[in-house]
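Here is a short report on selected features of one protein model. Please look at the sequence and structure before reading on.

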Amino acid sequence: MKTRLAVILVGILILPTVAMVMASYMFARNIISAEVTDLLENTIKQKTTFFGQWLDDEENNIWTIATVYPLGPILQESGALASGSTTNRQLDDVLEKLRKSYRGYFTGFKLFDTAGFCVWPADQVDTLVPDHSVLTALTNKQTVFLNKTPDSGAGALAFWLCAPISDGKDGWIGIIAAIMDSDLIVQLFSDASENSSIKAYLLGSYKGAITPLYNITGQDSTRLPTSHAAERALAGYTGVGRYRDFRGKMVLGAYTYLPSPGWGLVIEQDYDEAFADLDALRQNILLLLGGLAIVCTIIAFITSNWLVSHLEHRDRQVLERSEQMIAADKLATAGVMAASVAHEINNPLTTINILIHNLHEETPATEPQRMDLSIALDEITKIKNIVLRFLEFARPQEPKFSEIDVNEIVRRHRRLVQHQAAAKDIDLVEKFGQELPPVPADPAQVGQAFLNILLNAIEATPVSGIIEITTATEEENMVSISFFNSGPPLKSDEREMIFEPFYSTKAQGTGLGLSIARMIVERHGGKLYAEPLPGRGTKFTVLLKTENQGADCG
C-alpha cells in the first residue's frame, strides 16, 4: 500500500511538470522553426535583390564599354576580323586601359568575332560558340551572362559577361567578353547571414555548383548530388521547407530561381544546429527533472509512510472504539442481568442466612449439627461475596478523584493478599520506583483493581512461584504498575478474552475480577493489558495518567 501510494504521489508531482516541460519544448521548437523559416525567406529575398542589382551594374558597365569605346572602328581598321587575330597596338592600349579602369569588376577581356573565334589577344585560340538564344540576344543588342568556360577542353569554371560590338550602323561585328571575378560572386553568397550555420550556394544551369558546397567531410566540392531544393530551384520554383540536403542531412531551407543568368539559389540551415541550444536546454531540464523526481520520490515515500501510519493509527483507534462499544454493550447487558439476579438472590439469601445463624446459635456446641451449620454459614458468606461482585460490576460507582501515592496503594493491597500467597509459598517481590508523581484517582476503586489483579495472579501462580510487582514512571505523563506471575503464560487468543465478563479458566471463578479491574482502570483514563512472556509467565500492566483529567481532586 505504501509503494502504490508513493507511486501515485510521484505521478501527481512529476507528470504535470513533465507534460508542461514537453509542451513548452514543442512550443519553443515551433517558434524557432518559424523564426528560422522567416529568416531564410528574408535572406533569400535580400540575396536575390542584391544579386539582381549587382548584375545590373555589371551589365551597364559592359554595355558602356561596348558602346562608348571605339572597339568597332579599331577592329575594322586592323583587319583582325578577317585574319582571325590582331596585334594592333591601338587595340592593345584600349583594352589594357579598360582592364585597369574596371579592375574591381572584371579581371580581363577577350574579343570574339560573330562566329565565336577569339580575335584578341592574338595568342589565344579560345572559341565561344554562341547558341541560338545568345545570338538572338546579341542581335537585339542585349548583354549575355555566361557561366561556362569558353575553354572547351579545360573545364575551368569562369563567368563571362558578353556584349555585341557595334559596326557603327545597326548591326554588330564582334563580341566583347568581360571575365568576371569569380571570387566576388562566391563572396556574395558564401555567408548567407550572421549565423554561420546558415549556408547559401548557387547552382548553374548545367547542374553544377557555382559556389563551393559544404559537405560532410568539410571539404569544398563543385559536384551537385541530388537535392530536393536544387531540383526545385533549377526547375524555376521558389519555396521553403524541411528536407534532406545533398549530404543527406535534415535541413530547413529556402530556394528560388534567378532568371538571369538562369541560376538556382539555395539557402539552408542545419536542422540539428537550429535547435542545438534548445536541445541543450532540454537536456539540462531533463537532468533537473531527474533530480526533482528523486527528491519527489523520497518526499512521496516519506509522505506515504506518514499517511499510511496515520491511517493505520486511525483504524486502530476506530477498532479500539468499536471494541470498547462492543464491550460496553456486553457490560451493559451483563450488568442488567447481574443486577436482576443479584437482587433476586440477595433477599432470600439474607433470610436463609438469618435462619441458619439462629439455628447455629441455638444448637449446643456438643451437637454434631453445629459443625454442619458452621459450614453452611461459610458457604452462604461465599455466595454473598459473589453477589457483591455482581453488584459491583452491574452498578459501578463514579470515581472520586484525589491525588494518590501509587506505591502506597499497591503496598496496602499487597498486605491484604499476603496470607493467600503464603498458603502457596508464593514469594511477593516489590520493585517500586522512587519519586513517582502523584496520580489523580479514586484510591478505593484503584485499590480494588490492584486487588483483583493480585488475586488472579495468586490463583495462576503454582506453589513456590513468584509474583513481582513493579512501579515506574513512563513517557507521556504515565505511571506503570506491572504484576508479573510465574504461572503458565497466556495463550495468544486469551490476551483479550480474559478481560471479557464471565470468562474464566478456573472452575471456581466468576470471570468478573479482571473485567472489573479493566473497567475501573479505563474509567480513570488508563489502560490494562496482559502480556505473555514465553518460558517465564505472564505480566499484567496498568497505565495511569499523572495529569488531572478534569475531575475534582480536592
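The report covers a sheet, a residue within that sheet, and a residue in a helix.

## The sheet

The model is predicted. Four strands form an open sheet. Their order is S6-S11-S10-S9, and the pairing is antiparallel. Strand S6 (198-203) and strand S9 (239-244) stand at the edges. Each has a single partner strand, so one side of each lacks a neighbour in the sheet. On average, neighbouring strands are turned by 25 degrees against each other, direction ignored.

Strand S10 covers residues 250-258, and strand S11 covers residues 263-270. The two run antiparallel and are joined by eight bridges. Across this pair, leucine 258 stands opposite tryptophan 263 in S11.

## Threonine 256

Is threonine 256 buried or exposed? Threonine 256 belongs to strand S10. Its relative accessible area is 9%. Buried means under 20%, so threonine 256 counts as buried.

The side chain of threonine 256 makes a polar contact of 2.8 Å with the side chain of threonine 238. Leaving aside residues up to four places away in sequence, threonine 256 touches Ile44, Thr48, Ala233, Tyr237, Thr238, Trp263, Gly264 and Leu265.

## Glutamate 361

Glutamate 361 is placed in helix H9, which spans residues 276-362. Its relative accessibility is 49%. Exposed begins over 50%, so glutamate 361 counts as partly exposed.

How far apart are the C-alpha atoms of glutamate 361 and serine 374? They are separated by 9.9 Å. Along the chain, the two residues are 13 residues apart.

Notes
Residues numbered from 1 in each chain as written. Predicted model: local features only at pLDDT ≥ 70, side-chain atom pairs only at ≥ 80, totals over all residues. Heavy atoms only, no water. Pairing = 2+ DSSP bridges. Axes fitted to C-alpha atoms, helices over the stretch in contact; angles between N-to-C directions. Buried < 20%, exposed > 50% of the residue type's maximum accessible area, 1.4 Å probe, protein only. Polar contact = N/O pair within 3.5 Å; in protein donor to acceptor, adjacent residues only side chain to side chain. Contact = heavy atoms within 4.5 Å.
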